[in-house]
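Here is a short walk through one structure, taken a few places at a time. Keep the sequence at hand and follow along.

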Amino acid sequence: MSAHDFLMSAWDWKPSVVLGCGLVMAGYAWSTRFRFSARAAAFAAGVLAILLTLVSPMDELADHYLFSVHMAKHILFVLIAPALLLMGLPAAPMEQAMRIRNVARAERVLRQPAVAWTAGVGAMIAWHIPALFNKALANEPLHIAEHLSLLACGTIFWWPILSPLPQSRMRPLPHAAAYLFTACLACTSLGIAITFARSLLYPAYAHPADVYAILPLIRENWGISPQMDQQIGGLLMWAPACLVYVTAIMAMFARWYAEEAERKEARLEAFE
Amino acid sequence: MSVPPFAAHNAPSGLFASPTEPELVEAHKPPKRSARFEWVSTVDHKRIGILYLLATLVFFCIGGLEAILIRIQLAWPGNTFLTPGLYNQIFTMHGTTMVFLVVVPLLLGLANYMTPLMIGASDMALPRLNAFSFWTFLFGGVLLHFSFIAGHAPDAGWFSYTPLSGTAFSTRNGLDYWALALLGIGVGTIGTGINLIGTIFNLRTDGLTISRLPLFVWMVLVNSFLIIFALPALNASLVMLLVDRLLNAHFFTEIGGGSPVLWQHYFWAFGHPEVYIMVLPAFGIISEVVPVFSRKPIFGYSFVAASTVAIGLLSLGVWAHHMFAVGLGHAWEYAFGASSLLIAVPTGVKVFNWIATMWGGAIRLTTSMLFAIAFLFTFTIGGLSGVTFAAVPIDWQVTDTYYVVAHMHYVLFGGTLFAVMAGLYYWFPKMSGRMLFEGMGRLHFWLMFIGFHMAFFIQHILGLDGMPRRVYTYPAFPGWTAMNMLSTAGVFVIGISILVLLANILSSLRSGQPSGPNPWNAWTLEWATSSPPPEHNFETVPPVRGRRPLWDLAHAESAGTARPVQRTSTIKLSMAFFVASEAVFFAFLIAAYLYYYGATVSGPTARNSLDPQRTLIFTICLLASSGTMWLAERRLAHARHRSFRLWLAATVLLGAIFLIGQGAEYAKLIANRITPARNLFAATFFTLTGFHGFHVLCGLISLTVLLGLALRRRFTEKEDSGLKAVSIYWHFVDAVWIVIFSLIYLKVWA
């Protein structure tokens, strides 16, 4: 099968995924009264990212052929999609939700930097421990649990940074920057460990069951051997994932700067 | 404490004039010591700064002479002025000297002198650490040059690639001096980095918020973070190289399963951030000089500050672009090529910030400003040639040619050194109280500028034409002789310009025009005190209500308010960063252990030669000592001195038991002929646990000293903070052991 054929045919519109994404998007549109804004665009991008990861050929590649694509999927789930969703969340409904005592209580626990950091980084590291990762590949319910937990932990991780509620957010400097920097170090270590590993950590990718008959295409035309595949996966975790954190750190600088300017303005007003 | 104003600050101006001290200090002054002793024993940041600058000037002259020797040898083809062996030593020493003994300490010296003044402080946060750092650095420098006397200077290039730097190919002991000297310099540099962070966080005068910090201080801050996170990588690799060389281990040699490529990873994991360590403070100098001589505030202050952070962060993760020629595989090359291209963005936009600052300004073309403009011009060229290396095919073509030599001289000489010259002409009046002569300054500038471009521009073409670097001679290919001769002539012009600079400094010190406190009409705090500043720096620090405090004094209407600065405990802060830096060091050793774990093919392994149960007992002792330490601190806080002493003694005892246990284990292993030379497991095991043991020993000595003090007298605040520092260190050492124990003995990961 050629690359073109594969990219055209390997779409799997799983009803649960399509329906779920559709409902979330519809709920969002309804609660924001169908007004289009940058926020709504961010939220839609987040939903679209999840949808595409799960129905596009990427999913087939990730689950059967290439570890590196699976890694890309995980990065989308834990780092990119939750960040986009949180950027899109409007403040008003969240404030309403916080009026429910148990929600507020849970939020107070989860937003603790130590908790949120451990959730995000811990999920990322735990699911790449070979034993667990290999088990999840072979076991579909566990695989679904893996993806859901990555999404959930990613959301918890980003909450103290990107929450629409100001009281949930960390001070941008130095706290949030240190939070992100240490997370970056942890992910980099994981990436380095995978990149440098001498053996194949995830044997399922060494001899994939070639359902789509694209293995020759991958191995010969694309030139991706199992070793190289694992290296690319490690490097994805290392460099691009780091860039997400670095971008977020720079955003923290911008936020801190804006807050500083705001304070200055408030002082001037008080003076007048 | 209020310092009484001392009316007649009639200190004789000049670099070596000892500033008079205020009367208050006079009363407690120890008997007068000789001026020489005062310089050696000083903890004053200004004197240490000047010592740094003087030491680097000497090293710069040595490194410069080496450059001249290199260029004489290369002036024409087939030259026999230097033997090949001597040539190798000279270019290695030139590179090592210029990087480690000139550029970095030069910037640290300036940072040392200017940072406290620019933030309205009276000294660095930890003055004794400051002196320690300087003398360790100087010791390292002297040790490196002692190798000449000992018979053989290092000769494997400034990055000493293995296996060339291993015992098989470098049989003489030059490389041992190289590694030991760099360790000393590394330790000193980290000390200064920690000190600068503590100073900038904690000693700012009220109102000087982070968003008002002078940009030079901003860059020094980011630079210090880079230092404490990057230098440990060098220290770890040097330690491993030394174990290879002195204890016959095989970390970096193919025999026995080692990996020469790992040296390259480790060295460049340090080496690439080092590039930014060498250039960020230079950006800072330019960001001070350009606005003052353009009579405009910096354009885009927040961008300049934040992009520095971006550069710092990115620089930690792009090192492998130094290794494209190694054959890491396409995956590596794409990832690192792309991330390296990204760094150019924040750097490039900075150049526009400086140009925009000059745009429409009332530019004063002083020597300092001339050098700043030359920096912009030259650094941009060097930056652009740097970007070309991120394109992998171009890198393959030009790596290890004179194109690389040209690039790094454009960045380090035309970039950093020009910026330092701008800073020298700008701040010399502050340090000495006298102006440098402008006429001689201009002569110096034009000679250096023309000489520099003569010497190095042509090397781009030589490199593209295929002339490899680090060869002691070359055949008479068409054009090569002329190009090399031009380059050599350029170096002589640079040499003359340095003589002009030295003459300028000496004659200005004697008969330069007195500068007064603020000769340039500048805005930052260092210009608010006399030149040279008194020992305690400021009589009164002017209020800081904006980014340009001295401007705000004259234009009260534009100013904001002076909010007090939030401060934390200096001891806790500095120890936290020290521990972070140490953690990086151990992370590299642990990574080496894990990396080599799979490579051990034969001989002893963790499984068949270690005794986890026995070690568990000693581990419990060490962990318990953390508990007793905590209890001791609690008791002291409640002023229960007797039980405090008991718990402290228990901590010492438990720590000692751990060390004895480890010693016994070592003895057993060595008796079974398991030594670092045996295989990679043994080498990594001994290196990792040995350095941990060394840390325990250091902690134990400090604890014993504290215990001795505690038995003799009640703790005052001073000893209290000392105890806090040692306790943080002790807990850290325990935490490291938990990681080591679970990785090596329990193998939780396998």
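Start at B:N521. This residue counts as partly exposed because its relative accessibility is 49% (buried means under 20% relative accessible area, exposed over 50%, partly exposed in between, with a 1.4 Å probe and protein chains only). B:N521 is not a glycine, yet its phi is positive, at about 60°. It sits in the loop between α16 and α17 of chain B (helices, H or I, are DSSP runs of at least four residues, and strands, E, of at least two, numbered from the N terminus).

A word on the ground rules. This is a predicted model, in which local features need pLDDT of at least 70 and side-chain atom pairs count only at pLDDT 80 or more, while totals for chains, interfaces and linings use all residues. Residues are numbered from 1 along each chain as its sequence is written, chains are lettered from A and ligands numbered from 1 in the order in which they are written, and side-chain values use heavy atoms, with hydrogens and water left out.

Stay in that loop of chain B. B:P532 is found there, between α16 (480-511) and α17 (549-554). Another cis bond joins B:T162 to B:P163, with omega near 0°. B:P163 lies in the loop between α5 (127-149) and α6 (174-202) of chain B.

Now look at B:R673. Its phi is near 60°, a positive value in a residue other than glycine. The loop between α21 (641-671) and α22 (680-712) of chain B holds B:R673. B:R673 counts as exposed because its relative accessibility is 67%.

Next, a helix pair. The axes of α6(B) and α18(B), residues 570-597, come within 9 Å and cross at roughly 140° (axes are lines fitted to C-alpha atoms, for helices over the stretch in contact, with angles from 0 to 180 degrees between N-to-C directions). From α6(B), the contact residues include B:I190, B:I194 and B:F201. From α18(B), they include B:L573, B:F577 and B:F578 (contact means heavy atoms within 4.5 Å).

Finish in chain A. A:V18 counts as partly exposed because its relative accessibility is 34%.
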